[in-house]
Amino acid sequence: MDAPIPMVMSTGTSHELDPLMRSIASGNRGALAELYERTSSKLFGICVRVLGSEAEAEDVLQEVFLTVWNKADRFDPVKASPITWLAVMARNKAIDRLRIRRLRTEPLDSAAEIKDERPSALDVLERAQEQQRLAGCLEELDEQQRAMIRSAFLDGATYPELARREGVPLGTMKSWIRRGLVRLRGCLQR
């Protein structure tokens with residue numbers, strides 16, 4: 001896979017990079033290293049000019065060579081020379097990075113205007129305390145009232161269904177639940 005790269009004397013033309021591009025397309029890592037050695041300073045300069053930051057230029061340069069490794073087989077020497085292809089890719093990736101940077105430049109204070117739909121920590125804590133109080137008050141009811149209130153209000157059973165299930169008249173069921181709710185309200189108001 002990493003076959004030796006045919007050495008081409010530097011003639012000043014960018015077509016000397018053609019064999020490297022073909023080698024990279026076939027998976028030759030040594031060819032990628034040589035391409036990097038021959039072109040990275042020029043590409044880095046392009047990235048620095050566009051971005052104005054050496055750190056970001058280094059990141060973009062790494063993206064460029066990662067793209068070269070993954071897409072060298074798409075390089076067409078008829079359309080452009082290797083150095084032109086690389087320079088255009090470096091410039092475009094640097095511009096993309098610049099656009100992303102501009103998108104991130106909103107002031108931090110603008111985040112305060114974004115509403116968070118989730119409940120606050122205080123709301124969650126209050127809700128948990130209310131649920132504990134409700135559970136405690138339900139435990140103070142007798143078993144029958146507690147079961148009927150849970151069935152009616154938590155399970156969604158209707159009063160007629162509960163009356164049939166317990167074998168009592170509908171009025172009696174309503175009275176049991178009403179008395180249980182009165183006791184529950186009294187407990188919750190303490």
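Residues are termed buried when under 20% relative accessible area, exposed when over 50%, and partly exposed in between (1.4 Å probe, protein chains only). The model is predicted, so that local features need pLDDT of at least 70 and side-chain atom pairs count only at pLDDT 80 or more, whereas totals for chains, interfaces and linings use all residues. Residues are numbered from 1 along each chain as its sequence is written, and side-chain values use heavy atoms, with hydrogens and water left out.

Helices are DSSP runs (H or I, at least four residues) numbered from the N terminus. Helix α3 comprises 18 residues, 54-71. Its span from first C-alpha to last is 25 Å, close to the 26 Å expected at 1.5 Å a residue, the expectation being 1.5 Å times one less than the number of residues. Buried positions in α3 are Glu56, Ala57, Val60, Leu61, Val64, Phe65, Thr67 and Val68.

Ser40 belongs to helix α2 (residues 29-51) and is buried, with a relative accessible area of 12%. Apart from neighbours within four places in sequence, Ser40 is in contact (heavy atoms within 4.5 Å) with Leu35, Leu61 and Phe65. The Ser40 side chain also reaches the backbone oxygen of Tyr36 at 2.8 Å.

A search of the whole structure for disulfides (cysteine sulfur atoms within 2.5 Å) finds 1. This disulfide joins Cys137 to Cys187, with an S to S distance of 2.0 Å. Cys137 lies in helix α5 (residues 121-140) and Cys187 in helix α8 (residues 170-189), so the pair ties together parts that are 50 residues apart in sequence. The link is left-handed, with -80 degrees about the S-S bond, and both Cys137 and Cys187 are buried.

Notes. Helix = DSSP H or I, 4+ residues; strand = E, 2+ residues; numbered from the N terminus. Polar contact = N/O pair within 3.5 Å; in protein donor to acceptor, adjacent residues only side chain to side chain.
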